Amino acid sequence: MAEVAQNAELMDWPKKDNRRFLHVVYRVGDLDRTIKFYTECFGMKVLRQRDVPEEKYSNAFLGFGPETSNFVVELTYNYGVSSYDIGTGFGHFAISTQDVSKMVETVRAKGGNVTREPGPVKGGSSVIAFVKDPDGYPFELIQRGPTPEPLCQVMLRVGDLDRAIKFYEKALGMRLLRKIERPEYKYTIGMLGYAEEYESIVLELTYNYDVTEYTKGNAYAQIAIGTDDVYKSGEVVKVVNQELGGKITREAGPLPGLGTKIVSFLDPDGWKTVLVDNKDFLKELE
């Protein structure tokens with residue numbers, strides 16, 4: 001009985017934990033080019049940059065607010081690599097703005113690629129547009145009122161939506177905020193997160209009818225989420241991996257050199273998440 005109670009307490013941990021989306025990591029072929037595009041077209045700010053010549057990479061963190069409160073992008077440039085394969089599984093990032101048309105015109109003026117002109121969504125009234133950044137990452141622009149978090153979605157495609165939702169609820173303590181069924185377009189979407197959709201970043205999981213597998217490419221890397229205890233969080237993930245699939249890719253513990261405690265793992269579709277110790281993360285920002 002004690003073991004059952006202990007297990008129940010463990011599985012309850014993600015919902016009690018202090019969880020927050022920290023950043024999304026992906027690779028770009030030219031750091032300066034992307035920084036210029038994100039700051040000039042989207043209005044993001046450069047928050048920090050670091051160059052690690054001994055490991056032949058540099059990265060930059062950009063967002064709409066400080067890393068202590070906002071979700072940001074972490075761009076990685078690997079020396080000498082100018083392009084990547086985005087794959088078929090990665091969907092898009094989304095930015096909310098009060099004027100989609102104005103942002104689209106800015107993107108166009110800066111030589112960006114507009115792939116869908118501003119207009120209402122199919123079967124709805126929200127005004128959206130799609131553009132691509134210089135590396136080909138799609139960005140959905142969504143017209144909304146003011147929000148504390150304009151960087152509002154990361155969309156990934158999954159082969160089994162119910163399994164994926166269950167994984168993110170159980171392993172990561174996320175809430176299913178809404179589910180959108182679109183049989184006429186043969187897809188279903190699940191929006192998951194830690195706070196309401198209009199005030200925070202959400203993970204948007206898309207299931208396209210009859211498509212169970214996607215290519216991952218080598219461009220998109222992972223999402224990082226804060227936790228108060230990487231060890232306990234890692235134990236929960238192991239239990240859920242056994243039930244639903246996925247695997248731990250780095251056991252819980254401190255990173256060499258940095259000392260920041262993390263645990264990383266794959267979900268049942270092979271998407272990677274890294275849980276980062278909240279206190280260690282704040283130390284990194286000092």
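Me: Before we start, what does "buried" mean for a residue here?

Reply: Buried means under 20% relative accessible area, exposed means over 50%, and partly exposed is in between. Keep in mind that this is a predicted model.

Me: Thanks! Then why is Asp17 called buried?

Reply: Asp17 has a relative accessibility of 8%. The cut-off for buried is under 20%, so Asp17 counts as buried.

Me: What makes Arg19 and Asp17 a salt bridge?

Reply: A salt bridge needs a side-chain nitrogen of Lys or Arg within 4 Å of a carboxyl oxygen of Asp or Glu. For Arg19 and Asp17 the N to O distance is 2.6 Å, and their side chains do meet in a salt bridge. Arg19 is buried too, with a relative accessible area of 9%. As background, side chains of opposite charge can pair when their charged atoms come close.

Me: How do you know that Arg144 and Glu197 form a salt bridge?

Reply: The N to O distance between their side chains is 3.6 Å, and the limit is 4 Å, so the pair of Arg144 and Glu197 qualifies as a salt bridge. Arg144 lies in the loop between β8 (138-143) and β9 (151-157), and Glu197 in the loop between β11 (187-193) and β12 (202-208), so this pair ties together parts that are 53 residues apart in sequence.

Me: And are those two partners, Arg144 and Glu197, buried or exposed?

Reply: Arg144 is buried at a relative accessible area of 14%, and Glu197 counts as buried at 6% relative accessibility.

Me: Why is Lys238 called partly exposed, and why is Glu251 called exposed?

Reply: Partly exposed runs between the buried limit of 20% and the exposed limit of 50%. Lys238 has a relative accessible area of 28%, so Lys238 is partly exposed. Glu251 has 51%, and over 50% means exposed.

Me: What do Lys238 and Glu251 tie together?

Reply: Their side chains meet in a salt bridge, 2.9 Å from N to O. Lys238 lies in helix α5 and Glu251 in strand β14 (residues 247-254), so the pair ties together parts that are 13 residues apart in sequence. A search of the whole structure finds 21 salt bridges.

Me: Let's look at a glycine. How do you know that Gly234 is buried?

Reply: Its relative accessible area is 3%, and buried means under 20%, so Gly234 is buried. Gly234 sits in helix α5 (residues 230-244).

Me: Which residues is Gly234 in contact with, leaving aside its neighbours within four places in sequence?

Reply: They are Ile248 and Val263. Contact here means heavy atoms within 4.5 Å.

Me: Stepping back, how many helices and strands are there in the chain?

Reply: There are 6 helices and 16 strands.

Me: What makes the chain as compact as a globular protein of its length?

Reply: The radius of gyration is 19 Å, and the globule rule gives 19 Å for 286 residues; the two are close, so the chain is as compact as a globular protein of that length. Along its principal axes, the C-alpha trace spans about 65 × 50 × 35 Å. Of the 286 residues, 50% count as buried. Among contacts with a separation of 6 or more, 62% come from residues 24 or more positions apart.

How values were computed
Residues are numbered from 1 along each chain as its sequence is written. This is a predicted model: local features need pLDDT of at least 70, side-chain atom pairs count only at pLDDT 80 or more; totals for chains, interfaces and linings use all residues. Side-chain values use heavy atoms; hydrogens and water are left out. Helices (H or I, at least four residues) and strands (E, at least two) are DSSP runs, numbered from the N terminus. The radius of gyration is taken over C-alpha atoms; the globule rule is 2.2 Å times the number of residues to the power 0.38. Buried means under 20% relative accessible area, exposed over 50%, partly exposed in between (1.4 Å probe, protein chains only).
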